[in-house]
Amino acid sequence: MTAMALSIRDLFLSFGGVSALSGVSFDVRPGEIFAIIGPNGAGKSSMLNCISGLYRPQRGTIAFGETPVTGLPPHRRARLGIARSFQNIALFKEMSVVDNILVGRHLHARTRLLSAGFSLPSARISEKAQRAKVDEVVAFLGLGAVRDEPVGTLAYGVQKRVELARALASEPKLLLLDEPMAGMNSGERDDMVRAILETNAAHGVTIVMIEHDMGIVMDISDTVCVLDFGRRIALGSPSEVRDDPHVIKAYLGEEDD
Ligand SMILES: Nc1ncnc2c1ncn2[C@@H]1O[C@H](COP(=O)(O)OP(=O)(O)OP(=O)(O)O)[C@@H](O)[C@H]1O
Ligand SMILES: [Mg+2]
């Protein structure tokens, strides 16, 4: 039996009296596209924040492959190969596209730079290698025309792509995407879907993605996990989940608000 890419067991997370996650468990297989869906406030971002280490669950365990990561801080998880994008864009607006992507790369460089003892030639070679990797990601995501523009001047959809680029620059094994298509027009959505599929296919990156666009979720996910009020109410293939009465009820209930 091959190890799971990610194993979530019985996670509980609350903020004061508010319960964000109540005993959620699931496994993500290596190389799959795993979608987390559910109504607003269901606990989706909280789950992603627990996986990346931003939030610490009060109970439960998280394993990345065979490695328990439940107690590790975010930067340690990042170094193991977990990268993410945020629900609200978290880029340095005054910095160029390339420099924002380099930030993602530095994480990767850190250990090697330190072990090189900052000797000038190796530091310079390393800087060159970093730039080469950034150029590769820029080309992969079609950001060449805007590479030197300050991020804050770019269209929203392009900024979302820069966030993906920064995550990819760290060469992750697991990519966590919190609503990567939110606020995009249909052309931008198509581009983002293509980028996600290519990342998954070309590099075998496992993807856990929160997304509200059901058409896209049904199209590209291997597995869908549905959360509602911090509980897992369904888990399965897109078609299994779509026909699940609990899911239909959760979504119809939302329309009454
Ligand atoms: N940092 C926080 N402090 C206090 N409460 C929080 C915090 N983060 C999340 N919550 C609460 O936890 C619950 C789940 O929130 P979460 O952001 O995980 O939902 P979500 O499914 O991502 O919703 P949305 O679709 O609106 O993004 C909500 O009641 C929310 O108010
Ligand atoms: Mg959210």
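The legends below describe close-up views of a predicted model.

**View 1. The six-stranded sheet is open and has mixed pairing.** The strands follow one another in the order β6-β7-β8-β3-β9-β10. β6 (82-85) and β10 stand at the edges with a single partner strand each, so one side of each has no neighbour in the sheet. From one strand to the next, the twist averages 15°. Within this sheet, β3 (residues 33-37) and β9 run parallel and are joined by four bridges. A35 has V224 of β9 as its bridge partner. Two helices that pack on the sheet, α1 and α5, are treated in the views that follow.

**View 2. Helix α1 packs on the six-stranded sheet.** The helix touches β3, β6, β7, β8 (206-210) and β9. The direction of α1 makes about 150° with that of β7. Eight of the nine residues of α1 are buried, so the helix is largely enclosed by the rest of the structure. These buried residues are K44, S46, M47, L48, N49, C50, I51 and S52. After the helix comes G53, with a positive phi near 100°.

**View 3. Twelve named positions surround ligand 1: F15, V18, A20, G38, N40, G41, A42, G43, K44, S45, S46 and Q87.** By class, the shell comprises four nonpolar residues, seven polar residues and one charged residue. At least two residues of the shell come from each of β2 (18-28) and α1 (44-52). The most is given by α1, which supplies three residues. K44 and S46 of this helix, both part of the shell, are also among the buried residues of α1.

**View 4. Helices α5 and α6 pack against each other at an angle of about 10°.** Their axes are 10 Å apart. At this angle α5 counts as roughly parallel to α6. On the α5 side, the contact is made by G157, K160, R161, L164 and L168. On the α6 side, the contributing residues are E188, M192, A195 and T199. The contact of α5 with α6 holds four nonpolar, two polar and three charged residues. An α-helix has 3.6 residues a turn, so residues three or four places apart point the same way.

View 5. The loop between α5 and β7 (174-178) contains E171. The phi of E171 is near 50°, which is a positive value in a residue other than glycine. The loop between α4 (120-140) and α5 (156-169) contains G142. G142 has 14 C-beta neighbours inside 10 Å and therefore counts as partly exposed. G142 and A165 are 23 residues apart along the chain, and their C-alpha atoms are separated by 9.9 Å.

**View 6. Strands β9 and β10 form a hairpin with two residues between them.** β9 (residues 223-228) and β10 (residues 231-236) pair in the antiparallel sense over five bridges. One of the paired positions is L227, whose bridge partner in β10 is R232. F229 lies in the loop between the two strands. The phi of F229 is near 50°, a positive value in a residue other than glycine. With 15 C-beta neighbours inside 10 Å, F229 counts as partly exposed.

**View 7. A further open sheet has four strands in the order β2-β1-β4-β5.** The pairing in this sheet is antiparallel. β2 and β5 (67-68) are the edge strands, and each pairs on one side only. β4 (residues 59-64) and β5 run antiparallel and are joined by two bridges. F64 has T67 of β5 as its bridge partner. Strands of a sheet pair through backbone hydrogen bonds, either parallel or antiparallel.

How values were computed: Residues numbered from 1 in each chain as written. Chains lettered and ligands numbered in written order. Predicted model: local features only at pLDDT ≥ 70, side-chain atom pairs only at ≥ 80, totals over all residues. Buried ≥ 20, exposed ≤ 12 C-beta atoms within 10 Å, placed from the backbone. Axes fitted to C-alpha atoms, helices over the stretch in contact; angles between N-to-C directions. Parallel < 35°, antiparallel > 145°, perpendicular 65-115°, else oblique. Contact = placed C-beta atoms within 7 Å. Nonpolar A, V, L, I, M, F, W, Y, C, P; charged D, E, K, R; others polar. Near = placed C-beta within 6 Å. Pairing = 2+ DSSP bridges.
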